Amino acid sequence: MTNNNFYVTTPIYYVNDRPHIGHAYTSVACDVLARYKRLCGYNVKFLTGTDEHGQKVEKSAASAAVAPQALADANSQHFRELTGLMDLSNDDFIRTTEPRHVAAAQALWKKMADNGHIYLGSYSGWYSVRDEAYYQESELVAGPKGNKIAPTGAEVEWVEEPSYFFKLSAFEGPLLAHYEQNSGFIGPDTRRNEIISFVKGGLKDLSISRTTFSWGIPVPGDEKHVMYVWLDALTNYLSALGFPDTSKPDYKAFWPADLHMVGKDIIRFHTVYWPAFLMAAQLPLPKRVFAHGWWTIEGEKMSKSLGNAIAPQALVEEFGLDQTRWFMMREVPFGNDGNFSREGMINRINSELANNIGNLAQRTLSMVAKNCDGKVPGKVAMNAQDEAALDKLYKSVKSYMESIDSYKFNQALDVVVAFASEANAYIDVQAPWKLKKEDPKRMEAVLFVLLEYIRVIAILLQPVMPKSSSKILDQLCITPEGRGFSALGYSARLSPGAVLLAPEPVFPRFMEKAA
Ligand code: ME8
């Protein structure tokens with residue numbers, strides 16, 4: 001049965017550090033989907049939050065000489081501020097130190113244990129605190145200082161301690177069957193293939209508790225152990241719905257999740273461990289996990305040691321909020337790796353936003369203000385070509401929607417940019433400024449066609465650039481009902497005679513400040 005609910009989640013971010021553009025990227029992508037689905041009439045739940053337990057956070061707190069809870073409180077607040085800064089429309093913000101989450105994680109543990117999938121043993125092997133992940137000896141390479149390095153580049157350390165284990169090995173067959181029967185479970189396909197071959201390579205039981213530090217959720221019934229931070233963290237997707245109370249309206253409406261959006265670094269946790277934990281607890285599995293690519297900065301890996309991580313705040317202050325969101329969704333095919341460069345950002349802003357979309361809106365709205373008394377031209381007689389152009393405009397909205405539904409954000413925005421280019425070419429050919437004297441009726445028809453282009457473009461821009469698009473829609477005096485995706489066609493055309501607001505530029509050109 002299909003329903004009208006849509007649940008999308010970001011990863012919950014570690015509080016050992018401040019937000020950078022990688023975090024903002026994932027969150028903006030989820031926000032675009034959430035806004036898009038709402039505009040299509042869905043009842044959306046969009047969740048983000050912070051991952052606050054574990055050895056990495058405990059270590060960072062120790063080196064900053066503060067209590068882990070104090071570090072978590074301060075840095076979680078920065079991620080909460082990110083939601084305002086990036087204009088995220090999240091419905092909830094979960095912290096793993098909240099009682100609602102602790103209760104959910106312990107309840108999930110109990111279900112897995114009651115079903116016979118957890119046993120006590122002892123772990124001896126390699127662990128990376130940076131990745132909060134266990135590694136096999138065979139996965140490691142020798143590091144420069146005689147140390148061992150994980151495939152991610154993180155250092156590992158030898159760990160020996162009593163530990164509870166999850167019988168992950170028993171889920172190899174069920175996981176492979178699930179991937180087989182649900183081809184959309186992991187995306188994009190390259191990641192799906194990687195995960196299938198990883199699981200086919202054999203799964204070992206997973207250590208899911210630690211005893212050599214204490215910053216975590218106590219294991220129910222054995223409080224010397226804290227839960228492995230990934231088991232704790234993954235449960236957030238359920239805690240925010242009211243789990244373990246499965247009669248809660250949110251749980252009923254939104255589980256299983258429609259989409260866990262993640263970066264490619266954490267796909268294994270979401271497509272191997274998480275579904276296996278859920279199978280063990282006899283809970284439904286999320287419908288899809290999608291892994292996007294990795295950003296580098298001016299061609300370099302972002303890293304603490306290079307000190308090159310970019311704070312989202314800096315981008316928003318310099319380039320503007322919607323401009324930053326546009327760049328993130330536009331610059332790189334979603335799923336691929338991408339590079340942030342100032343030059344790329346400035347090019348996008350000037351060529352696509354200022355010169356193309358902004359220019360179209362500004363010159364059309366100014367002409368309407370000057371020549372049509374600031375009103376939508378009335379009873380215009382469009383010619384066959386005009387009708388054909390608008391017909392094509394209304395119909396090609398479908399390809400925009402298909403692209404967003406498959407997370408091809410840059411392709412969806414191609415459609416919008418192409419509309420704006422088409423409309424700008426139409427202005428140049430029709431030259432309405434000449435028609436003013438020669439054929440005022442024709443000028444009105446041309447301006448009407450252009451206003452329709454702008455209306456459709458502004459509706460389509462809403463998920464990616466909510467503030468700028470609403471400024472344009474405000475200038476066109478479009479009502480809230482007229483902004484949904486059902487208002488894209490003929491039936492919602494602008495009403496002749498409607499009074500428009502005075503035009504105001506929406507996308508200024510970016511100019512480097514003089515040194
Ligand atoms: O992994 N490019 O948290 P985290 C693109 N707490 N995206 C990037 C990025 C980059 N250079 N750097 C980070 C964790 N990201 C766990 C998650 S979920 C139950 C627990 C984004 O703070 C990307 O989404 O290390 C990546 O998966 C996430 O931040 C990792 O954030």
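## Sheets, packing and a pocket in a predicted model

Y119 has F165, in β8, as its bridge partner.

**The antiparallel sheet**

Strands β4 and β8 are joined by ten bridges and pair in the antiparallel sense. They belong to an open sheet of four strands, ordered β5-β4-β8-β10 with antiparallel pairing. β5 and β10 are its edge strands, each pairing on one side only. Helix α10 lies across β5, β8 and β10, and runs at about 30 degrees to β8.

**The second largest pocket**

The largest share, four residues, comes from β4. The pocket has a volume of about 400 Å³. Its lining comprises 21 residues, and those nearest the centre are Y134, Y135, Q136, K204 and D205. Divided by class, the lining has eleven nonpolar, five polar and five charged residues.

**The parallel sheet**

A second topic is the open sheet of six strands, which has the order β3-β2-β1-β14-β15-β9 and parallel pairing. The edges are taken by β3 and β9 (186-187); each has a single partner strand, so one side of each is left without a neighbour in the sheet. For β9, two bridges make the link to strand β15 (residues 289-292), and the two strands run parallel. Within this pairing, I186 stands opposite V289 of β15. Helix α1 packs on the sheet, where it touches β1 (5-14), β2 (43-51), β14 (259-263) and β15. The direction of α1 makes about 170 degrees with that of β1. Helix α3 lies across β1, β2 and β3, running at about 160 degrees to β3.

The structure holds 38 salt bridges. One of them joins D91 to R38, with the closest N and O atoms 3.3 Å apart. This pair links distant parts of the chain, 53 residues apart: D91 is in the loop between α3 (68-85) and β3 (92-95), whereas R38 is in helix α1 (residues 21-39).

Helices α12 (residues 321-330) and α18 (residues 466-475) pack at an angle of about 115 degrees, and their axes are 7 Å apart. On the α12 side the contact is made by L321, D322 and R325, and on the α18 side by P466, K467 and S468. By class, the residues of this contact are two nonpolar, one polar and three charged.

**Backbone details**

| Cis peptide bond | Omega |
|---|---|
| F243 to P244 | near 15 degrees |
| W255 to P256 | about 5 degrees |

Both prolines named in the table are in loops: P244 is between α8 (236-239) and α9 (249-254), and P256 is between α9 and β14. Strand β14 is also a member of the six-stranded sheet and is touched by α1.

Y407 has a phi near 60 degrees, a positive value in a residue other than glycine. Y407 is found in the loop between α14 (384-405) and α15 (409-430).

Definitions and conventions: Residues are numbered from 1 along each chain as its sequence is written. This is a predicted model: local features need pLDDT of at least 70, side-chain atom pairs count only at pLDDT 80 or more; totals for chains, interfaces and linings use all residues. Side-chain values use heavy atoms; hydrogens and water are left out. On a 1 Å grid over the protein atoms alone, a cavity is a set of points where a 1.4 Å probe fits but cannot get out, and a pocket is an open set with protein on both sides within 12 Å along at least five of seven lines; lining residues have an atom within 4 Å of a point. Grid points are joined across faces, edges and corners, and a volume is the space filled by probe spheres set on the points. Ala, Val, Leu, Ile, Met, Phe, Trp, Tyr, Cys and Pro count as nonpolar, Asp, Glu, Lys and Arg as charged, and the others, Gly among them, as polar. Axes are lines fitted to C-alpha atoms, for helices over the stretch in contact, and angles run from 0 to 180 degrees between N-to-C directions. Contact means heavy atoms within 4.5 Å. Two strands pair if DSSP finds at least two bridges between them. A salt bridge is a side-chain nitrogen of Lys or Arg within 4 Å of a carboxyl oxygen of Asp or Glu.
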